[in-house]
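This report is for a reader who is meeting the structure for the first time. Please look through the sequence and the model before reading on.

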Amino acid sequence: MSLIKFNNPKNGHTLAPMFNDLFESFLSESPFSDRMIARVPAVNISENENAYSIELAAPGLNKENFKIQLDKNLLTISVEQKSESNQESKQYNKREFSYSSFVRSFALPESADDSNIDAEYTDGILKIAVQKKEEAKSIARQIEIR
């Protein structure tokens with residue numbers, strides 16, 4: 001299973017890469033970091049005889065926030081979450097908005113059975129199981145020596 005990488009400007013060409021690192025370090029320690037930096041969740045991809053497994057760490061979300069789409073052999077997971085909080089005081093109204101989103105895409109191998117995909121979101125982990133086609137499953141057998 002191959003991962004289609006996120007195009008990160010930090011890895012691109014720049015005149016002064018040390019300034020990018022310094023700026024990113026400053027923002028990550030800032031109290032505003034959640035609003036200013038897009039976070040892409042970590043993912044584990046594994047395989048066994050019968051299936052491929054994708055585990056995506058995305059705590060604090062609801063399963064309704066996720067959208068999982070399959071287009072040909074490209075599996076795309078996206079999230080969009082909006083929240084508002086109101087705080088009323090004596091003579092003013094303070095309102096804060098929060099918006100977060102991400103997209104992760106995975107190119108499924110030909111051995112994946114695109115009609116047999118299951119997803120489950122539990123304890124902050126989105127688990128996606130992509131079953132293998134029958135002909136792709138390895139069959140163990142003893143080879144006779146002549």
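## Two loop residues with positive phi

K72 sits in the loop between β4 (66-71) and β5. The model is predicted, and in it the phi of K72 is near 60°, a positive value in a residue other than glycine. Most residues other than glycine have a negative phi. K72 counts as exposed because its relative accessible area of 71% lies over the 50% cut-off.

D123 is placed in the loop between β7 (112-122) and β8 (125-132). Although D123 is not a glycine, its phi is positive, at about 50°. D123 has a relative accessibility of 76% and so counts as exposed.

## The chain as a whole

The protein has two helices and eight strands. Along the sequence these elements follow the pattern β-α-α-β-β-β-β-β-β-β.

The protein has 146 residues, of which 23% count as buried. Its accessible surface comes to about 11800 Å², and 49% of that surface belongs to carbon and sulfur atoms. Among contacts between residues at least 6 apart in sequence, 51% join residues at least 24 apart.

## The largest nonpolar core

The largest nonpolar core holds 18 residues, and those touching the most other members are L56, L61, F66, I77, F102, L126 and I128. At least two residues of this core come from each of β3 (51-57), β5, β6 (93-107), β7 and β8.

I128 is one of the core residues named above. Which residues does I128 contact, leaving aside its neighbours within four places in sequence? They are Y52, S53, I54, I68, L75, I77, I117, D118 and A119. One of these partners, I77, is also among the core members that touch the most others.

## T76 in strand β5

T76 belongs to strand β5, which covers residues 74-88. Is T76 buried or exposed? T76 is buried, because its relative accessible area of 18% is under the 20% cut-off.

Not counting residues up to four places away in sequence, T76 touches K67, I68, Q69, V103, R104 and S105. With S105 there is also a polar contact, made between the two side chains at 3.2 Å. I68 is a contact of T76 and of I128 as well.

How values were computed. Residues are numbered from 1 along each chain as its sequence is written. This is a predicted model: local features need pLDDT of at least 70, side-chain atom pairs count only at pLDDT 80 or more; totals for chains, interfaces and linings use all residues. Side-chain values use heavy atoms; hydrogens and water are left out. Helices (H or I, at least four residues) and strands (E, at least two) are DSSP runs, numbered from the N terminus. Buried means under 20% relative accessible area, exposed over 50%, partly exposed in between (1.4 Å probe, protein chains only). A polar contact is a pair of N or O atoms within 3.5 Å; within protein, one must be able to donate a hydrogen and the other to accept it, and residues adjacent in sequence count only if both atoms are side-chain atoms. Contact means heavy atoms within 4.5 Å. Accessible areas come from the Shrake-Rupley method with a 1.4 Å probe; for residues, only the protein chains shown count as cover. A nonpolar core is a set of buried Ala, Val, Leu, Ile, Met, Phe, Trp, Tyr and Cys residues joined through side-chain atoms within 4.5 Å.
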